[in-house]
Amino acid sequence: VPMREEDKVAATITYRNLFKMYEKIAGMSGTVISAKEEFSELYNLEAVAIEPHKALKRVDLPVLFFRTEKEKFDFIINSVSEVHANNDPILVVGRSIAQVELFSGLLKKRGLGHQLLHAKLAENEFEVVQNAGRRGAITVATNMAGRGMDISLETELKEINGLIVYGLEPNLSKRIDDQLRGRSGRQGDVGRSLLFA
């Protein structure tokens, strides 16, 4: 394709107004119930919960609060080390590249091998996500990394402990926290999620 000059913006529109141009709007999401008031207010749409075809076996532990980031990260590193000793796959998720790179450095200091995934490292995203459900895998990623791709567990892990998800800090909305928890325990698999503040 031949190079040409950059196009100029002729107009802009918000997602809300774009969607309102359609006569009918519908969709599905695993986390829409958290935002049902917003959908009602913005789009005059009702959110309805439908039971999954396979029962949820994931355990969502209560959020743990710490006085300092150092205390929190020390606790998480120790927990990751214990879980890793069982060879359970682990996904650690943070909100920023700086945060996940800091946590990755702490894992390296403890001798815990892992894969790091964020916007600057997107070229091997598929491979990292594909390996995240393997026995003993530790994956550290930002919220946006690997979204839209399920982490597939090795067959024998689906009934043992499943994928263990750690959230390094609360997100800006409950819906995003729910999306993070939902990376584990998909399609009736077992799993566990732990969020920290």
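Q: Where in the chain does Asp 88 lie, in terms of the elements on either side?
A: The model is predicted, local features need pLDDT of at least 70, side-chain atom pairs count only at pLDDT 80 or more, and totals for chains, interfaces and linings use all residues. Residues are numbered from 1 along each chain as its sequence is written, and side-chain values use heavy atoms, without hydrogens and water. Helices (H or I, at least four residues) and strands (E, at least two) are DSSP runs numbered from the N terminus. Asp 88 is in the loop between helix H3 (69-85) and strand E2 (90-94).

Q: Is Asp 88 buried or exposed?
A: Buried means under 20% relative accessible area, exposed over 50%, and partly exposed in between (1.4 Å probe, protein chains only). The relative accessible area of Asp 88 is 3%, so this residue is buried.

Q: Which side chain makes a polar contact with the side chain of Asp 88?
A: Contact means heavy atoms within 4.5 Å. Beyond its neighbours within four places in sequence, Asp 88 is in contact with Val 83, Gly 136, Ala 137, Asn 161, Gly 162 and Ile 164. A polar contact is a pair of N or O atoms within 3.5 Å; within protein, one must be able to donate a hydrogen and the other to accept it, and residues adjacent in sequence count only if both atoms are side-chain atoms. At 2.9 Å, the partner of the Asp 88 side chain is that of Asn 161.

Q: What share of the residues of the protein count as buried?
A: The protein has six helices and six strands. Of its 197 residues, the buried share is 37%.
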